Every structure is written in structure tokens, then in C-alpha cells.
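User: Please take a close look at one part of this structure. I would like to know how the strands pair there.

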Amino acid sequence: ESYKPSPDAPEATVLASPVGVRFSLDGRDINMDRTSPYYVNAWEIPKLSEGYHTLEAFTEYNNGDDLDAPGVIGYATRRTIIHVINSTFITDFDVVDSNGSKLMDLVEGSIIDLNQPEFNSFNIIANPSISSIRSVKFTLNNVTARIDNGAPYALGGNPILGDTHWKVRVENYTLSATPYMKYFAWGPNGTPLTIHFQVVKGIAAGSTLANARVGNSIQANEEVLATEASEIVWSVYPVPAKDELHIRLEGKLDGTIYLNLINLQGQVMHATQGPSEIFRDYIISTEKLGLNPGLYLVQIQQANGRRFIQKIAKQ
């Protein structure tokens, strides 16, 4: 953004023609621009941490003909407060094959069985809420695994070398992905998405996983359901939606529930919050919202921060 000297500056401060504007950020000089319009150093703003910052612009004057000679700093002609936020977030994870074709959604509690032929070589993709982000940082079991600087944002592989898969081993994983607006995870971070999943090699008959559906971890075993009594079971229908969208939540729901309907540009089209009871069968009128046909995200978040996201289509 450019800043011009204020026309209301007292005449007494004008010693000669202005030769430039000096910018200060949080009390630290960051650059001097001698050509109108006067610009802040473009590299400084993206480096700001999340929160509030003070930006000031000072007119500088010089009585001589040498523009490189020390000038006289005038009054602050503009002072503003910058509030830095990053509203981006990771919507969901996909498991893809070496060609980039989607194999399954990777959600909380998913199980990937390496004995299944489709999982001989695969990768995990993090999908951001908007396309203008520049990097995603992946952590596995609380250790940074990769910073990917190009979409699609993948956990492993090097496409330049023809390597498009994640080198996986049998283990329980905690995966987190965090979006950034600049390359190399630079600047304030957006909201990360964290899930837990398992990589196994064969599911033993008779185990508590024996009746779990590989992929989206929808449990069919009553014993498993009993151990997962605290989990949310939720459904969104009809898909594709036309005039109304129904959202139904079941299971142990504690505290305030937050619901957002978001378009793929990251705009919140509908938001509400309240006790769990109102979400036993919650109806969104897509007709009243005037939603255009296309894809949207339904996001449910519990008071403990756990979040569920599902893509839906609007006819």
C-alpha cells in the first residue's frame, strides 16, 4: 500500500521540497522511498507475526541539491495500526496414488492396510481452504516431516525426480498440516488440521479392527463402537443439495458446537453455534442463502477444538 504526505501538515514543517518518505514499523526504520508514490518495503509486511503492529510514515526534506545528503525528518504524516491474521485453514486430507488420483479421504481414525494393492504406493495430500497459499508444513508425531512449496501439497515425494509417494511404515500416526501465505512456512500460520490414523499390514481376524472398513474407518463392530462412544457420528444430506441441507449429529457432544458453511474461496456463507441439541437435525436453507451451484465445505467444531469437515455439492 502507498502512503502520501498529509496535506494538513503545518507549513512550519516544510523546510524545502520533500525528497522522500521514511517508513517505520514498530519503531524500527524499514525503508526510505524517494519516488512518489511512496511504498513500504514489500518484503516487510509478510514477515510480521500475528497480532497488532504500528506503521508510521515520515516526510523527509533536504535544503540542498544533493538527494543523498542527510535530510530533515518531518512530522509523522501517517500512522496506522496493522492487524495481521491468517484466516486460511486445511480443509481435509486425501490419500492419492502415484498418478495423483484420489484413493480415499483420510479422516480421524482412518486405517490404511498396506496389504491392499491400491496402497502399494501412495501419498497424502493436504487441501487448503483457498488457492492463494504458498506452502504447507506437515508434522508427523509432532516432528516436522516436510514443508511443501507447491500445490498439490504432499506429505512425501519429489515430483522433479519422479518420486511421488510417501515412504511409509507400519505405525500409528498423528498428522498435522499448517498453511502459510508465503513460501517455506514464512509469516503467520493459518489454522492447522490434525488427525490420527493407522498404517497396518493385514488386519488380524478376530481383532477389534477386524470389522473396521479400511479407508474411512466406519466401524461395524459393536465392541469397537462401545470403545468409541465419545466419538461424533454425523451425516450431511441430501448430496447434492438443492433447497435445503440437513446436518445430523449423534454421539457424545459436550459444550458448544460451532457450524460453518464455507465456499471454496474461504468465505463463510452461514455460521451458527449453540448447544449440541440444536444439531440433532439442523437445517440450512440454501435457497434463502442464495447459494450458487458448486462445491462447499461443512465444518463442525466441538468446544475442545476437534473439527470435522465434509465437502458437499449444491445443485
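Analyst: Here is the strand pairing, with the whole chain for context.

The model is predicted, so local features need pLDDT of at least 70, side-chain atom pairs count only at pLDDT 80 or more, and totals for chains, interfaces and linings use all residues. Residues are numbered from 1 along each chain as its sequence is written, and side-chain values use heavy atoms, with hydrogens and water left out.

Start with strand 16, residues 193-200. Strand 9 (residues 111-113) runs parallel to strand 16, and three bridges join the two. Here Ile 112 sits opposite Val 199. Strand 14 (residues 171-182) also pairs with strand 16, but in the antiparallel sense, over seven bridges. In that pairing, Ser 176 faces Thr 194. Pairing here requires at least two DSSP bridges between the strands.

Four strands make it up, in the order 8-7-10-13, with antiparallel pairing. Its edges are strand 8 (102-106) and strand 13 (153-154), each of which pairs on one side only. Strand 10 (residues 122-128) meets strand 13 through two bridges. Ala 126 has Tyr 153 as its bridge partner.

Across the chain there are two helices and 23 strands. These are DSSP runs numbered from the N terminus: helices are H or I, at least four residues, and strands are E, at least two. Of the 315 residues, 40% are buried, meaning under 20% relative accessible area (1.4 Å probe, protein chains only). Among contacts (heavy atoms within 4.5 Å) with a separation of 6 or more, 60% link residues 24 or more positions apart.

Key:
Buried < 20%, exposed > 50% of the residue type's maximum accessible area, 1.4 Å probe, protein only.
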